[in-house]
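Hi,

Here is the structure I promised to pass on. Have a look at it first, and my notes follow below.

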Amino acid sequence: MATAQPSKPSVASVSRHAIADLGLIIALIFGGCCSNALALELTTKQLPSSGALITLAQFVITTLTALVGEVEWRTWYGWPVLWLKTPGVPLRRWMVQVILYYITSILNNSAFAYSIPMSVHIVFRSGGMLVNMVLGYTVDGKRYNALQLASVLLVTIGVIGATLSAALPDAASDGPSSMHDYLFGVMLLSFALITSGVMGIFQEHTYAKYGRHHWHEALFYSHLFSLPLFLFQSRSLSQQIRDANATPSKWVGMCTSCKFLGTYVPSYYINLALNVLTQLICINGVNRLTSRVSSLSVSLILVVRKAVSLLISVVLLNRQSGSLGLWSGAFAVMAGTVGYAYGGMKRPSPQPKKKSA
């Protein structure tokens with residue numbers, strides 16, 4: 001007697017599922033990443049010098065959430081226990097990436113203490129292509145086409161223009177000390193671009209050797225192994241926690257009259273919690289996106305997301321119109337990013353075969 005074959009899903013149902021899945025990803029990216037930029041700006045405006053505390057909170061929560069996918073049940077003397085899975089990549093490789101990732105995160109978050117506005121922060125962090133190109137050329141021997149070279153030049157000009165447009169008004173009004181702080185903050189962001197580029201090259205080599213399916217393992221160990229490094233910043237962390245505890249308290253609970261259904265919390269920690277939560281949503285969306293669409297589509301979506309974040313920061317949060325230099329620089333960076341991604345998808349045309357004599 002023949003068994004009934006399971007019916008295949010229709011094209012319409014598959015399309016609806018794909019559209020719903022992509023819609024969820026877009027919602028995660030724009031809702032999570034844009035909200036994350038907003039929460040980060042609110043947090044750093046309240047305490048500009050709390051970069052180490054922000055980084056520590058992000059690393060702790062990311063480690064705990066990523067732990068779920070990296071443990072398994074094992075038997076220990078006849079008792080079932082939760083234990084870490086055997087890593088697919090040697091831990092020594094993760095240790096190198098850990099140090100680079102830790103330094104990059106600390107530098108980026110610390111730059112807010114030196115008069116770097118969020119708008120410049122967003123544009124500057126999008127300008128790492130020059131570093132990636134130089135490292136790719138010198139370390140991996142990569143070659144780039146004319147469109148990629150022109151795109152990187154456009155991105156570099158855009159970053160310089162946006163950075164100078166934010167520096168000039170502040171320098172004129174606040175004097176040499178403010179300009180010195182601003183330049184030091186730009187230097188921190190520049191070093192962060194370099195360490196981020198080195199980390200990217202190292203990660204590419206790791207994935208090329210062991211496979212890209214280890215991205216979740218990389219997420220977990222890069223945050224877990226970074227936690228002991230915060231001991232080197234214990235003194236500054238203690239001061240930042242005291243400053244956070246001294247911020248005005250806000251009620252967190254069901255209602256203000258229900259004493260047992262809430263409590264007063266220093267307002268800084270509310271913004272910090274929003275920052276960490278939205279970062280988790282953003283990471284989830286980006287990882288889902290990269291596993292489903294092409295690199296060009298990823299670049300296009302992330303460029304639009306950064307443009308939205310820039311608009312939120314400048315127009316909605318700071319109630320400003322932004323300068324011509326800022327918007328021109330931001331447009332150049334975004335156009336160059338798309339051009340670079342598109343140029344990277346081009347393949348050299350095959351050479352015609354020589355006819356045998």
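How many residues does the largest nonpolar core have, and which of them have the most contacts inside it? Before I get to that, bear in mind that this is a predicted model. The core in question has 50 residues, and Ile116, Val123 and Tyr268 are the ones with the most contacts inside it. Helix α7, residues 176–210, supplies the largest share, with seven residues. A separate core lies apart from that one; it has eight residues, including Val89, Ala218, Leu219 and Tyr221.

Leaving out residues up to four places away in sequence, Tyr268 touches Thr43, Gln46, Leu47, Ser50, Leu53, Ile54, Ala244 and Thr247.

Next, the annotation. The UniProt entry, which is unreviewed, lists "transmembrane region" for residues 18–40, 52–73, 94–116, 146–167, 182–202, 268–286, 298–318 and 324–345. I compared two of those spans with the model. Residues 182–202 are 100% helix and 0% strand, with 30 Å between the end C-alpha atoms. Residues 52–73 come out as 73% helix and 14% strand, and there the end C-alpha atoms are 35 Å apart.

Phe184, Met187, Phe191, Ile194 and Val198 make up a nonpolar surface patch, and together they have about 400 Å² of accessible area. Ile194 is in helix α7, and it counts as partly exposed because its relative accessibility is 41%.

Last, the charged pairs. Searching the whole structure turns up two salt bridges.

- Glu72 pairs with Arg74, with 3.0 Å between the closest N and O atoms. Glu72 is partly exposed at 29% relative accessibility, and Arg74 is partly exposed at 30%.
- Lys142 pairs with Glu204, and here the closest N and O atoms are 3.2 Å apart.

Cheers

Methods:
Residues numbered from 1 in each chain as written. Predicted model: local features only at pLDDT ≥ 70, side-chain atom pairs only at ≥ 80, totals over all residues. Heavy atoms only, no water. Core = buried A, V, L, I, M, F, W, Y, C linked by side-chain atoms within 4.5 Å. Buried < 20%, exposed > 50% of the residue type's maximum accessible area, 1.4 Å probe, protein only. Helix = DSSP H or I, 4+ residues; strand = E, 2+ residues; numbered from the N terminus. Contact = heavy atoms within 4.5 Å. UniProt positions renumbered as here; feature names shortened; annotations may be inferred. Patch = residues over 30% accessible without salt bridge, like charges linked within 9 Å, V, L, I, M, F, W, Y side chains within 5 Å. Areas by Shrake-Rupley, 256 points an atom, 1.4 Å probe, with all protein chains shown as cover. Salt bridge = Lys/Arg side-chain N within 4 Å of Asp/Glu carboxyl O.
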